Amino acid sequence: MSGHHVSHHVAPKSLYYLIFALLMIGTAVTVIVAYFDLGAFNNVVMLTIACTKALLVVLYFMHVRWGTRLTWVVAASGFVWLLIMFGFTLSDYLTRGWVGGTLR
Amino acid sequence: MDTLNYINNGHGLASWLLTKDHKRIALLYLVSITFFFFLGGLFAFMIRLELLTPAGDVLTAENYNKMFTMHGVVMVFFFLIPSIPAVLGNFLIPIMIGAKDLAFPRLNLISWYIYVLGGIFTLVAALSGGVDTGWTFYTPYSTAAANSHVITAALGVFITGFSSILTGLNFIVTIHRMRAPGLTWFRLPLFVWAHYATSLVMILGTPVIAITVLLVAAERVLHMGIFDPALGGDPVLFQHLFWFYSHPAVYIMILPAMGVISEIVQAFARKNVFGYSFIAFSSLAIAIIGFLVWGHHIFVAGQSVYAGMLFSIISYIVAVPSAIKVFNWTATIYRGSISLDSPMLYAFGFLGLFTIGGLTGLFLAAMGLDIHMHDTYFVVAHFHYIMVGGAIMGYLGGLHYWWPKITGKLYSEPAAKLAAGLVFIGFNLTFFPQFLVGYLGMPRRYHMYPPEFQVFNVMSTLGATILSVGYLLPMFYFVHSIFRGKPSPADPWGAKGLEWEVPSPPPTENFAVTPIVTHGTHQYAPSKEVGVV
Ligand SMILES: [Cu+2]
């Protein structure tokens with residue numbers, strides 16, 4: 001049985017304020033960008049900001065950055081499962097046009 | 001004078017409702033789950049009563065819709081999913097791994113309260129007029145079309161999902177961190193492996209159903225365009241999200257049952273299981289591959305044929321690890337020293353019925369055949385062979401196997417054998433005719449049908465009556481055993497495993513001294529070098 005030596009890293013308070021500030025800036029940028037029509041890049045920009053914010057929350061607020069390797073595996077597997085869900089669902093939506101009228 | 005155990009250690013309602021003992025929480029679950037089982041059974045009885053005759057004479061079409069919806073919702077979310085994990089898993093996992101409790105005892109108690117809260121929401125939905133969408137809450141039935149209490153019932157499902165997530169989390173942490181010294185992963189009982197795999201499915205799948213029913217509520221209330229084409233949504237998207245969870249949910253029901261069967265088969269064949277690591281890893285394989293097959297529910301709902309092919313092939317592949325288990329159990333029984341006690345009768349029932357359920361699933365995973373059979377009684381028969389013939393057989397087998405451990409009392413074995421026989425006969429008489437009538441073209445979810453299908457439906461209703469007697473009988477001899485049963489020794493079956501080394505019923509702390517494990521927990525046969533096959 002593995003030993004109980006999980007180090008509980010304590011980050012300085014200033015780091016949490018910094019991350020919080022970054023999240024707020026991300027939100028502000030999202031709102032500002034919404035006023036401009038970037039065409040095909042609308043979704044790209046929005047999702048990039050959103051993913052960056054999510055990453056910051058997971059790494060710092062949820063302490064994954066200082067977690068054990070097992071914690072990393074658990075956190076990563078959640079996202080792998082999300083990819084499975086999106087990927088297989090898209091396997092339907094992206095191939096619907098390939099044959100017209102079948103099974104409808 | 002009784003010795004101190006978890007049952008007599010503390011009296012009064014508060015000592016139960018505020019307990020942090022995993023064994024007492026398991027009993028809280030047992031009582032509440034049994035309530036929902038018989039409630040769901042009541043709805044099933046109404047369905048079978050209506051279908052006794054071809055005319056829709058007992059219930060209106062609307063009320064019939066509500067009956068099968070409530071039957072599905074109650075049975076799936078409030079009985080089958082929590083049944084084995086929350087009752088037997090809760091009770092046994094800490095004892096099987098030599099621990100004093102689960103990793104998070106408070107969280108365990110909260111899980112039960114969350115389950116009860118979800119149950120209350122569903123009961124309120126049922127009593128205030130019911131839901132008529134089908135247990136799948138398909139859009140647009142659940143958004144544009146339905147006038148019934150969809151949001152209340154969906155919230156019930158949403159809430160109880162968290163109970164499931166927290167239980168899975170608790171099990172995973174417990175199995176990782178709290179095994180007794182020497183209890184390595186490959187010495188764990190297969191029941192524990194099965195629950196580990198189940199917990200993974202609970203954690204990775206349940207959040208998706210929670211969000212999906214929330215999106216339904218959002219569309220109903222706020223008219224967000226997610227599933228409604230008029231608002232730019234897609235109803236098939238709902239089916240993708242719903243089955244992303246709900247196909248794996250079948251494995252939440254069946255994997256723990258497989259864990260139970262692995263234990264029973266070893267105990268009553270007096271043999272170490274054949275191919276331990278194959279059974280252990282097939283649980284993980286089922287948990288993972290089970291997430292890649294959900295599209296087989298959407299073959300005719302407008303899904304692209306290419307996605308259909310992908311899902312069809314993987315659905316065939318997921319049958320392989322299940323088949324591995326069935327073959328390995330059979331090989332375990334082969335040349336074993338078999339005793340036909342009631343738990344073993346349920347295990348035999350499971351083996352046959354699960355095999356039929358699994359093989360007919362392959363019929364439905366074939367895209368061409370599914371066009372003929374989808375939404376017929378063939379499908380109903382198929383999944384009842386898995387969920388009733390498989391999961392409930394496993395649950396009852398496990399309940400009979402560990403009842404002396406849980407209560408410290410022996411029940412009437414002849415009565416239990418009679419019940420097992422009635423369940424087996426009643427079950428087959430109920431559901432086998434449904435394969436035939438479904439193949440002949442009787443659709444599901446209608447309260448009337450053409451007269452030529454009546455003979456099958458009469459058989460089915462007769463079978464359901466026998467089945468309900470088989471389910472009610474254990475209520476009597478189990479309750480009777482609590483008051484009048486002979487006290488059980490620590491190991492009434494001569495079975496192996498840490499749970500049989502502690503007294504029946506176990507003391508609150510399970511083990512006075514943490515056991516040190518030096519071999520696999522089930523040593524029915526001497527080690528291989530002795531040369532015994
Ligand atoms: Cu499925």
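**Entry 1. Where the chains meet**

I started with the contact between the two chains, to which chain A gives 23 residues and chain B gives 28 residues. I note here that the model is a predicted one. I looked up the area buried between chain A and chain B and found about 2200 Å², with carbon and sulfur atoms giving 71% of that area. I then searched for residue pairs in polar contact between chain A and chain B and got five, both partners being at pLDDT 80 or more. Sorting the side of chain A that touches chain B by class, I got eleven nonpolar, nine polar and three charged residues.

**Entry 2. Salt bridges across the contact**

How many salt bridges run between chain A and chain B? I counted one. The partners are Arg96(A) and Asp234(B), whose closest N and O atoms are 3.5 Å apart. Is Asp92(A) buried or exposed? I read 0% relative accessibility for Asp92(A), so Asp92(A) counts as buried.

**Entry 3. Chain A by itself**

I listed three helices and zero strands for chain A. Read from the N terminus, the order is α-α-α. Of the 104 residues in chain A, 19% are buried. I also checked contacts in chain A with a separation of 6 or more, and 51% of them join residues 24 or more positions apart.

**Entry 4. Other salt bridges**

I searched the whole structure and found five salt bridges over all chains. One of them pairs Lys23(B) with Asp21(B), with the closest N and O atoms 3.1 Å apart. I noted both Lys23(B) and Asp21(B) as buried.

Another joins Arg444(B) to Asp375(B), where the closest N and O atoms are 3.9 Å apart. I placed Arg444(B) in the loop between α14 (413-439) and α15 (454-484) of chain B, and Asp375(B) in the loop between α12 (367-373) and α13 (377-407), so the pair ties together parts that are 69 residues apart in sequence. Arg444(B) is buried at 14% relative accessibility, whereas Asp375(B) is partly exposed at 40%.

**Entry 5. The copper ion**

Which protein donors does the copper ion have? I found His247(B) through ND1, His296(B) through NE2 and His297(B) through NE2, lying 1.8 to 2.0 Å from the ion. Along the chain the donors follow the spacing H-x48-H-H. I looked up the accessibility of two of these donors. His296(B) has 16% relative accessibility and counts as buried, because the limit for buried is under 20%. His297(B) has a relative accessible area of 30% and is partly exposed.

I found Thr332(B) in helix α10 (residues 305-333) of chain B. Leaving out residues up to four places away in sequence, Thr332(B) touches Val265(B), Ala269(B), Lys271(B), Asn272(B), Val273(B) and Phe274(B).

Gly358(B) belongs to helix α11 (residues 342-365) of chain B. I read 32% relative accessibility for Gly358(B), which means that Gly358(B) counts as partly exposed. Last, I took the distance from Gly358(B) to Asp375(B), 17 residues apart along the chain, and got 18 Å between their C-alpha atoms.

Technical notes:
Residues are numbered from 1 along each chain as its sequence is written. Chains are lettered from A and ligands numbered from 1 in the order in which they are written. This is a predicted model: local features need pLDDT of at least 70, side-chain atom pairs count only at pLDDT 80 or more; totals for chains, interfaces and linings use all residues. Side-chain values use heavy atoms; hydrogens and water are left out. Donors are N, O and S atoms within 2.8 Å of the metal (3.2 Å for Na, K and Ca); water is not among the atoms, so sites may look incomplete. Buried means under 20% relative accessible area, exposed over 50%, partly exposed in between (1.4 Å probe, protein chains only). Contact means heavy atoms within 4.5 Å. Buried area is the accessible area (1.4 Å probe) that two parts lose on being put together, summed over both. A salt bridge is a side-chain nitrogen of Lys or Arg within 4 Å of a carboxyl oxygen of Asp or Glu. A polar contact is a pair of N or O atoms within 3.5 Å; within protein, one must be able to donate a hydrogen and the other to accept it, and residues adjacent in sequence count only if both atoms are side-chain atoms. Ala, Val, Leu, Ile, Met, Phe, Trp, Tyr, Cys and Pro count as nonpolar, Asp, Glu, Lys and Arg as charged, and the others, Gly among them, as polar. Helices (H or I, at least four residues) and strands (E, at least two) are DSSP runs, numbered from the N terminus.
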